[in-house]
Amino acid sequence: MRWFSILLCSVWLVTGCATGNSTQNSNAGLSRLAKSDVDEVIEIHQKAVLGDLKKLMVKLYKRNPNLRYDREIRSIKASVDLTFSRRFDFNYPEFKRIKKPTDIVRLAMDERYQGDRVLAFIVGLRKMLMASYDNHQEFFYLTSIDQQKLYNSARNIEIAAWLLAKKRDRDGNLLILSDSLSEETRNLSYQRLIGRMIATQDNLALVISQKTGRIIKTFVVRAASLVFLPI
């Protein structure tokens, strides 16, 4: 801890005395020095999984145009960009009384829910994923995350995917349309995208497990039971 503090102070003095360097460049240099290779790997994985989640939201809105709450005032792209421009802990009025992110996902698949199911599904997953990173958006030497939370989040994505594919209303209609049948050729693009998100979280869980020497407790997840794992 002491040597790390000394290193940061030294770098600050050097960059502060240098001429012709902007404050922004100095801060960027400090940020890079404060990160380990693993920290950068974590950030890459986080950006990847959230990027895929954003792509999933676009695809779901295109497949379910009537579900979008703001379809009359902005495009799908603008709607998705607005959602992801907000902080992950943005206080949506319709979700403010729900404590667990996975309960927001569950709400999206409740037949009685009259709101934007796609928004609820994505917001719940985004909050759950961020919780698996201990709600950090940047990672440094002293930032730690739990490999078990990452592993659990991957299993929760599997459960959410099962809900997306199976939950129907009393008339037998899917609550949110995703993979489809077209001339007997099945469109599995949603499954591939979700599968990539699962793999991203699982791979990072293994990286952190090897780094810390801690064992991941694995579970056989029964999606139909609707039991999400704790994060």
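A cavity is a set of grid points where a 1.4 Å probe fits but cannot get out. The exercises below concern a predicted model.

**Exercise 1.** Determine how many cavities of 30 Å³ or more the whole structure holds, and describe the lining of the largest cavity.

*Solution.* 
1. A search over the whole structure returns 1 cavity at the 30 Å³ threshold.
2. The space in the largest cavity amounts to about 50 Å³.
3. Its lining consists of Thr83, Arg87, Phe88, Phe90, Tyr92, Ile122, Val123 and Arg126.
4. Helix 6 (residues 117-132) supplies the largest share of the lining, with 3 residues.

**Exercise 2.** Characterise the packing of helix 3 against helix 4.

*Solution.* 
1. Two packed helices are described by the angle and the distance between their axes.
2. For helix 3 (residues 37-63) and helix 4 (residues 76-85), the axes come within 10 Å and cross at roughly 145°.
3. This crossing of helix 3 and helix 4 is right-handed.
4. Helix 3 contributes Leu50, Leu53, Lys54, Met57, Val58, Tyr61 and Lys62 to the contact, while helix 4 contributes Ile76, Ser79, Val80, Asp81, Thr83 and Phe84.
5. The contact residues comprise 8 nonpolar, 2 polar and 3 charged.

**Exercise 3.** Identify stretches where pLDDT is under 50.

*Solution.* 
1. The chain has a mean pLDDT of 85, and 81% of its residues reach 70 or more.
2. Residues 1-21 stay under 50, with 10 contacts beyond four places in sequence.
3. Residues 26-30 are also below 50, and this stretch has 5 contacts beyond near neighbours in sequence.
4. Where pLDDT is low, predicted coordinates should not be read in detail.

Technical notes: Residues numbered from 1 in each chain as written. Predicted model: local features only at pLDDT ≥ 70, side-chain atom pairs only at ≥ 80, totals over all residues. Heavy atoms only, no water. Axes fitted to C-alpha atoms, helices over the stretch in contact; angles between N-to-C directions. Helix = DSSP H or I, 4+ residues; strand = E, 2+ residues; numbered from the N terminus. Left-handed = near helix turned anticlockwise from the far one by under 90°. Contact = heavy atoms within 4.5 Å. Nonpolar A, V, L, I, M, F, W, Y, C, P; charged D, E, K, R; others polar. 1 Å grid on protein atoms, 1.4 Å probe; cavity = no way out; pocket = protein on both sides within 12 Å on 5 of 7 lines; lining within 4 Å. Points joined across faces, edges and corners; volume = space filled by probe spheres on them. pLDDT = per-residue confidence, 0-100.
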